[in-house]
Amino acid sequence: MNNLKIKDVRAILTAPAGIDLVVVKVETNEPELYGLGCATFTQRALAVQTAVDSYLKPFLVGKDPRRIEDIFQSSMVNSYWRNGPVLNNAISGVDMALWDIKGKMANMPVYELFGGKCREAAAIYRHADGSEPAEVAEKVKEFQEQGLHYIRCQMGGYGGRSAINRKPEGALPGAYFDADAYERSIPILFSYLRDKIGYEVEFLHDVHERLTPVRALGLAKALEPYRLFFLEDALAPEQIEWFRLLRQQSATPIAMGELFNNPNEWKMLVSEQLIDFIRVHISQIGGLTPARKLAIFCETYGIRTAWHGPGDVSPVGHAANVHLDLASPNFGIQEWAGLSEPLQEVFPGCPELKKGYVYLNDQPGLGIDIDEKKAAKYPCANKVPEWTVTRLPDGTLVRP
Ligand code: MG
């Protein structure tokens with residue numbers, strides 16, 4: 001394989017679960033030797049497709065796919081302007097595919113290339129939601145019966161659901177929520193859950209940046225008695241200096257990072273030990289190469305990983321998350337959205353959930369493939385969801 005070259009790079013768009021996914025396939029001049037990577041930026045899928053097909057392909061065809069680091073570095077700066085979500089996702093598609101190829105060449109799963117297993121499977125959490133505490137408790141019990149030990153509890157979705165009856169005349173459309181009502185409701189929810197279910201289960205909660213910084217600080221303090229496993233996105237990336245105050249005033253463990261794009265956003269939080277879990281969306285920061293470096297950086301500071309794993313990560317991306325989970329000593333927890341049957345049909349080799357743990361199939365590379373004929377049966381809708389236009393009761397637009 002001395003003359004191994006990249007022959008083709010292309011984006012594949014598919015939506016088997018009704019969520020637009022972007023997967024990149026990198027083919028080589030060696031017959032049957034190819035790799036797959038996740039490049040899913042569901043709200044801007046066509047922009048990622050253009051970045052892959054019109055810019056990365058011409059830049060990469062003819063290069064040696066074994067040179068993962070050099071390709072990552074040069075792809076990052078080849079546009080000169082860098083670190084944006086569209087280009088990072090496009091680069092991630094290539095980067096994961098190159099790790100997949102390297103694993104296939106070595107005849108080893110990717111976690112072996114990262115140093116081997118630290119554990120047999122990754123513990124996961126799932127998401128329990130309900131309109132009132134008793135309904136959330138029922139969902140929690142269902143998950144417990146399935147063997148789950150970690151459960152993220154929300155009430156009425158992100159930001160809660162409360163009747164908004166004080167909109168001004170002519171208020172614009174959007175997903176309205178009442179931040180004050182939400183903030184008051186969450187300690188009541190966890191008080192109820194601990195009372196009914198006890199402390200033998202780990203609870204998590206996602207604020208989704210829905211509060212002002214000082215209100216988020218108040219919530220973190222109010223939740224201390226209920227011993228959360230972590231409180232997620234209590235503050236927006238634009239407010240990261242507030243994490244210093246949050247840390248000084250509250251002992252609730254903090255998870256942060258799903259919107260991060262580049263090292264400048266996490267450097268201070270990690271080196272000052274202001275968070276407990278790093279939670280980036282791996283394709284959003286450029287793939288496995290930067291994510292592995294971030295995991296090792298966090299290990300030094302006693303911070304654990306909790307890679308973002310929602311429905312807008314492709315099964316290829318979920319597999320990449322789990323390879324890193326298994327090989328990282330400082331793994332904390334893996335978010336698991338669940339993989340529907342159509343997803344498993346389109347992507348043979350999906351990681352498998354059994355009693356609260358996700359297992360890989362131990363095939364070489366990432367161990368996952370795509371059936372392109374089946375993928376074509378699920379075209380993308382290319383529609384941006386309503387929740388991305390979120391408003392306060394007076395109609396003010398806020399972060400979703
Ligand atoms: Mg989140």
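**A walk through the sheet, the core and the domains**

Let's start with strand β3. Both of its faces are covered. On one side sit Tyr34, Leu36 and Cys38, on the other Gly35 and Gly37, and all of these are buried. Keep in mind that this is a predicted model.

Next, the pairing in detail. A reminder: strands of a sheet pair through backbone hydrogen bonds, either parallel or antiparallel. Take β1 and β2 to begin with. Eight bridges join them, and they run antiparallel. Thr14 has Leu21 as its bridge partner in β2. The hairpin of β1 and β2 has six residues between the strands. In that hairpin, Gly18 takes a positive phi near 80°. β1 is mostly covered, with seven of its nine residues buried.

On to β2 and β3. Strand β2 spans residues 21-28, and five bridges join it to β3, again antiparallel. Val23 stands opposite Cys38 in β3. Val26 stands opposite Gly35 in β3. In this hairpin there are five residues between the strands, and Glu32 takes a positive phi near 75°.

Let's follow the chain onward from β3. Gln43 lies in the loop between β3 and α1. Is Gln43 buried or exposed? Its relative accessible area is 17%, so Gln43 is buried; the cut-off is under 20%. What does Gln43 touch? Leaving aside neighbours within four places in sequence, its contacts are Asp312, Val384, Pro385, Trp387 and Thr388. For a sense of distance, take Lys293. Gln43 and Lys293 are 250 residues apart in sequence and 27 Å apart in space, C-alpha to C-alpha.

Helix α1 comes next, residues 45-60, and Leu60 lies in it. Leu60 has 0% relative accessibility, so it counts as buried. Residues up to four places away in sequence aside, Leu60 touches Ile6, Val9, Ile71, Ser75 and Val94. Compare its position with Ala251, 191 residues away along the chain: the two C-alpha atoms are separated by 47 Å.

Now the domains. The domain assignment gives domain 1, residues 6-109, and domain 2, residues 112-363. How far apart are their C-alpha centres? They lie 26 Å apart. The contact takes 32 residues from domain 1 and 32 residues from domain 2.

The largest nonpolar core has 114 residues. Which residues have the most contacts inside it? Phe190, Phe243 and Phe347. The largest share, eight residues, comes from helix α3, residues 85-106. The core draws at least three residues from each of domain 1 and domain 2.

A closer look at Phe190. Not counting residues up to four places away in sequence, Phe190 touches Cys153, Phe203, Leu204, His205, Leu223, Tyr226 and Leu228. There is also a second, separate core of ten residues, which includes Tyr125, Tyr150, Leu204 and Phe230. Note Leu204: it belongs to that second core, and it is also in contact with Phe190.

Last topic, the cysteines. How many disulfides does the structure hold? Cys153, one of the contacts of Phe190, is buried, with a relative accessible area of 0%. Cys298 is in no disulfide, and the nearest cysteine sulfur, that of Cys118, is 15 Å away. A disulfide would need the two sulfur atoms within 2.5 Å. Cys298 is buried too, with a relative accessible area of 0%.

Key
Residues numbered from 1 in each chain as written. Predicted model: local features only at pLDDT ≥ 70, side-chain atom pairs only at ≥ 80, totals over all residues. Heavy atoms only, no water. Core = buried A, V, L, I, M, F, W, Y, C linked by side-chain atoms within 4.5 Å. Buried < 20%, exposed > 50% of the residue type's maximum accessible area, 1.4 Å probe, protein only. Helix = DSSP H or I, 4+ residues; strand = E, 2+ residues; numbered from the N terminus. Domains from an automatic or database assignment. Contact = heavy atoms within 4.5 Å. Pairing = 2+ DSSP bridges.
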